[in-house]
Amino acid sequence: MEIRVLKYFLMVAREENITRAAHLLHLTQPTLSRQLIQLEEELGVKLFFRSKHHIVLTEEGMLLRRRAEEIVSLAEKAKEELCHEKEQLAGNISVGSGELQSSQFLAELISTFQRENPLVTFELYSGNADNIKERIERGILDLGLLPEPVDIAKYGFIRTPVQETWGVLMRADSPLAEKPGITPQDLAGQPLILPQREILQNELFHWFGPLAEKLHIVASGNLLYNEAILARNQVGYVLTLILDCSYEGLCFVPLSPSIRTSTVLVWKNAQVFSPAASAFIEHAQKYISGMKENPI
């Protein structure tokens, strides 16, 4: 499979119309149709259901679309890394991050690095730790900012100075909203919305202790904005990391006893990085070291 043909395939999959895709690719329709037929013959599968004016991906087509997006992304990333100006550091660095207070620290790293290297750009991916680790493994992301606990045995890492605090996001008119801290007993029998990751759920179950067996879990999620909408509509109380943001009609209250966790900036061991990514990792290590030597 050629990268060029995969780009053709992705354009057709996006437009769902060969004529429109051919126009955008500056090809004739017969030429594009022939390329797609040859791709299907090469793979031995049918990629599209075709009608006169509309095409739809088959299951095999949807699988190829996911893989083609990854392949094209990696190819473009490699091209950027190899074609950077040698006189001045340039290129793109891809970083994954969850919804964390540590994102402020990540922003500081990026800001201080770009002051010295203005030709370097950053691509940010938002997701949970599992999504981010998967993309690091596949080489799509250079680094990821992850909350602990996380298995970091196969990663190079820097532990950030920021502590994340667990709490409850709830309606501001909830009876629990006036409390200074939320206890396990406060949440016993209440409808709860938990994070999707099993490792985080286990941390919370441990905090609940004997009450964990009697929890009333009504939903789970991985994006706080969506969970906030559920809380606003009285679906349940959201157990989540406290963030420096606000949602109309809602408030955060920390857990009591508190649960705090650190975060780590990780990258894959034994990986060849672009000059830009290598320089950024070195910058992050020096930045952290300087903070330790000169605490605020």
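Analyst: Let us begin with accessibility: a residue is called buried under 20% relative accessible area, exposed over 50%, and partly exposed in between, with a 1.4 Å probe and protein chains only. Lys 154, for instance, has a relative accessible area of 46% and is therefore partly exposed. Please keep in mind that this is a predicted model, in which local features need pLDDT of at least 70 and side-chain atom pairs count only at pLDDT 80 or more, while totals for chains, interfaces and linings use all residues. Residues are numbered from 1 along each chain as its sequence is written, and side-chain values use heavy atoms, with hydrogens and water left out.

User: Which residue meets Lys 154 in a salt bridge?

Analyst: A salt bridge is a side-chain nitrogen of Lys or Arg within 4 Å of a carboxyl oxygen of Asp or Glu. The side chain of Lys 154 meets that of Glu 137 at 3.7 Å, N to O. Lys 154 lies in the loop between β5 (143–147) and β6 (155–171) and Glu 137 in helix α6, so the pair ties together parts that are 17 residues apart in sequence. Helices (H or I, at least four residues) and strands (E, at least two) are DSSP runs, numbered from the N terminus. Glu 137, at 31% relative accessibility, counts as partly exposed.

User: How many salt bridges does a search of the whole structure find?

Analyst: The search finds 15 salt bridges. One of them joins the side chains of Arg 197 and Asp 130 at 3.4 Å, N to O. This pair links distant parts of the chain, 67 residues apart, with Arg 197 in the loop between β7 (191–195) and α8 (198–208) and Asp 130 in helix α6 (residues 129–137). Arg 197 counts as buried at 7% relative accessibility, whereas Asp 130 is partly exposed at 39%.

User: What shows where empty space is left?

Analyst: The general idea is to roll a probe the size of a water molecule over the atoms. On a 1 Å grid over the protein atoms alone, a cavity is a set of points where a 1.4 Å probe fits but cannot get out, while a pocket is an open set with protein on both sides within 12 Å along at least five of seven lines, and lining residues have an atom within 4 Å of a point. Grid points are joined across faces, edges and corners, and a volume is the space filled by probe spheres set on the points. Here the search finds 1 cavity of 30 Å³ or more, and about 340 Å³ of space lies in the largest cavity. Its lining has 22 residues, of which Glu 99, Asn 128, Pro 195, Leu 200 and Asn 222 lie nearest the centre. The largest share of that lining, 3 residues, comes from β9.

User: What is the volume of the largest pocket, and which residues are closest to its centre?

Analyst: The largest pocket has a volume of about 300 Å³. It is lined by 17 residues, and those closest to its centre are Glu 69, Ser 73, Glu 123, Ile 140 and Leu 141. Helix α4 (59–82) is among the elements that give two or more residues to this lining, and the largest share, 8 residues, comes from α4.
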